[in-house]
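Colleague: Could you walk me through how to read a few features here, starting with a single residue?

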Amino acid sequence: MATTDLVLETSQPQLSRRQRLAEKRLPWIPIVVLLVLLVCTAFAHWLAPHDPTSLNIINSKLAPFESMEHPLGTDVLGRDMLSRLIYGARTTAQISVTALALGAIIGTVVGLVSGYWGGWSDAILMRITDAALGFPTILLALVVVVIMDPGPTAIILAVLLTVWARFARMIRGDVLTVKGYDFVTLARITGVKSPVILWRHIFPNVANTLMVITSLMVGQIILLEAALSFLGLGLSPGAPAWGIMVAEGQEVILDVWWLSLFPGVAITVVVLAFNFFGDWLRDYLDPKLRRAR
Amino acid sequence: MTNDVILQVRDLQTHFFTRSGVVKAVDGINFELKRGETLGIVGESGSGKSMTAWSILGMVPHPGRIVGGAINYLGENLLEKSRGEMREIRGSGICMVMQDPLTSLNPVFTVGDQLVETLRLEYDEPKRSLRQRAAQLLANVRIPAPEDRLANFPHQMSGGMRQRVVGAISIARAPNLLIADEPTTSLDATIQLQYLRLLKDIQDQTGAAIIFITHDFGIVARMCDRVAVMYAGRIVEQSDVEDMFDRPAHPYTEALLQSVPDLDTDVDTLPSIEGQPPSLDALPAGCSFAPRCPHAWDRCQEYPDEFTVAPGHTSRCWRSE
């Protein structure tokens with residue numbers, strides 16, 4: 001009897017750990033958050049109860065729930081907070097997704113080429129990367145804005161110009177490790193062509209890094225976009241963007257606290273959701289944790 | 001007779017151009033290999049064994065370069081081939097079995113995908129028939145239920161199985177020459193034996209010649225027809241296996257053979273070779289083994305020629321003159 005207990009005791013936690021892993025399949029909360037973001041992005045003009053830019057001085061500084069007309073209150077100029085948040089999601093998603101996707105693609109290609117072929121191409125590409133990393137983002141953005149008109153495209157370009165280099169640097173480091181693995185050598189020995197080796201053997205093994213950087217970058221990009229808008233280098237001050245909203249509320253935060261709080265919470269929740277989703281994706285893509293098919 | 005020779009290495013020189021000088025990793029070696037023959041290349045670490053292998057494959061790592069000699073494969077000099085031609089020859093003509101078979105599979109792809117990837121280079125066929133070939137290959141390396149195994153990821157297989165899969169990938173394009181670079185050093189004794197049997201099996205099936213790079217004379221005795229002993233980038237003695245074991249001509253070979261443990265005789269301490277192998281960028285002027293050689297004399301100030309001590313048995317030692 002005693003032995004049976006012992007066996008049960010030792011085998012039980014292992015089983016439940018495996019069950020937990022299996023249950024860890026879908027991260028529901030982050031998915032819901034990201035879905036809400038997606039829906040807000042796609043249908044902002046139907047969901048928002050008011051025009052996010054229409055002024056109404058009479059109804060200014062309404063606290064949340066003070067009037068059912070404006071459930072999350074209004075700002076200093078009487079604009080509806082809820083509508084501005086919903087439209088802000090659209091702005092944020094458009095800018096960060098575009099900048100991130102372009103940055104990830106460019107950075108990954110540069111990192112793969114640089115790390116795999118090495119030599120001169122590596123030296124040149126990495127010096128360019130260093131330059132991009134070393135250049136202050138804000139300064140870079142200023143240059144971009146001087147050349148182009150301020151607006152979403154300018155912000156995307158400014159963000160892109162610094163973001164790709166971080167991808168390139170990280171991916172290159174990973175490629176250098178993976179390149180030395182025996183299965184890459186084996187592929188070369190059996191006569192597989194370099195582009196095939198890069199795509200089939202090296203890229204999938206750096207994809208985890210790519211996911212992790214991407215999920216971490218989302219937060220930084222949202223903040224960067226906010227900072228650029230705050231400095232007036234990107235979107236115009238009245239535009240509904242979370243970063244601008246935080247910045248606008250900052251001056252009156254003791255008086256009208258909800259102006260900064262709601263967009264701040266929105267940024268935090270979305271960034272967290274991306275991070276958790278990224279974690280899950282990393283586990284999911286790891287074949288060692290994937291169950292036998 | 002010459003028809004049978006598939007690989008002929010003539011005065012091969014592979015040097016590394018480092019900041020501190022030129023390192024002559026391979027310094028003028030000669031050997032040839034007939035179809036179905038197994039040549040053992042024996043030597044200490046850093047004697048140039050592996051660089052010989054990478055030279056033949058045309059994959060000498062930076063900053064190394066082949067600076068002289070010829071590698072004739074089926075009558076054609078590989079050193080005159082372009083990169084693309086070399087890639088064609090690798091795998092289909094000359095292939096290598098990796099030093100560590102356990103890490104030679106990509107963790108993110110199934111075994112079947114990896115076999116098919118290699119097979120696709122050789123056969124222009126639809127995927128289904130490639131998968132059949134892959135299953136056949138797994139069967140050839142004695143993996144049970146090969147069709148089911150194709151869908152496995154490497155981590156779902158045991159160590160012994162994975163080696164077999166790596167073996168199967170190496171022979172997928174039916175190469176004429178297999179180079180095995182210390183394929184058993186990372187394995188425990190039982191799996192070592194299994195693996196050696198597998199290589200023999202592969203050789204019997206395909207008739208491939210094998211170059212076996214090792215520092216283990218036990219493996220040489222078991223596997224090889226001929227042996228070449230390398231020291232400091234040169235082949236110091238070369239002969240048939242039996243001849244080498246019966247009548248080693250070079251003092252280095254002698255010393256190596258003495259340092260192999262023998263179960264029949266009872267010794268307290270195993271003989272070892274005094275001193276260190278010379279650094280390749282600062283070789284002594286004469287015979288590179290002289291500083292460690294118990295028989296060294298004035299003649300050794302000059303590098304010895306290659307002397308024939310018996311038919312097919314050469315030695316680079318003045319004592320064999």
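Modeller: Take A:I128, which lies in helix α4 (residues 119-134) of chain A, where helices (H or I, at least four residues) and strands (E, at least two) are DSSP runs, numbered from the N terminus. This is a predicted model, in which local features need pLDDT of at least 70 and side-chain atom pairs count only at pLDDT 80 or more, while totals for chains, interfaces and linings use all residues. Residues are numbered from 1 along each chain as its sequence is written, and chains are lettered from A and ligands numbered from 1 in the order in which they are written.

Colleague: Why is A:I128 called partly exposed?

Modeller: A residue is buried if 20 or more other C-beta atoms, placed from the backbone, lie within 10 Å of its own, exposed if 12 or fewer, and partly exposed in between. A:I128 is partly exposed because 15 other C-beta atoms lie within 10 Å.

Colleague: Which residues of strand β6 (residues 94-97) of chain B are on each side?

Modeller: In a regular strand the side chains alternate between the two faces of the sheet. In β6 of chain B, B:I94 and B:M96 are on one side and B:C95 and B:V97 on the other, and all are buried.

Colleague: How many bridges join β6(B) to strand β7 (residues 177-181) of chain B?

Modeller: Two strands pair if DSSP finds at least two bridges between them. Here four bridges join β6(B) to β7 of chain B, and the two run parallel, with B:C95 standing opposite B:L178 in β7(B).
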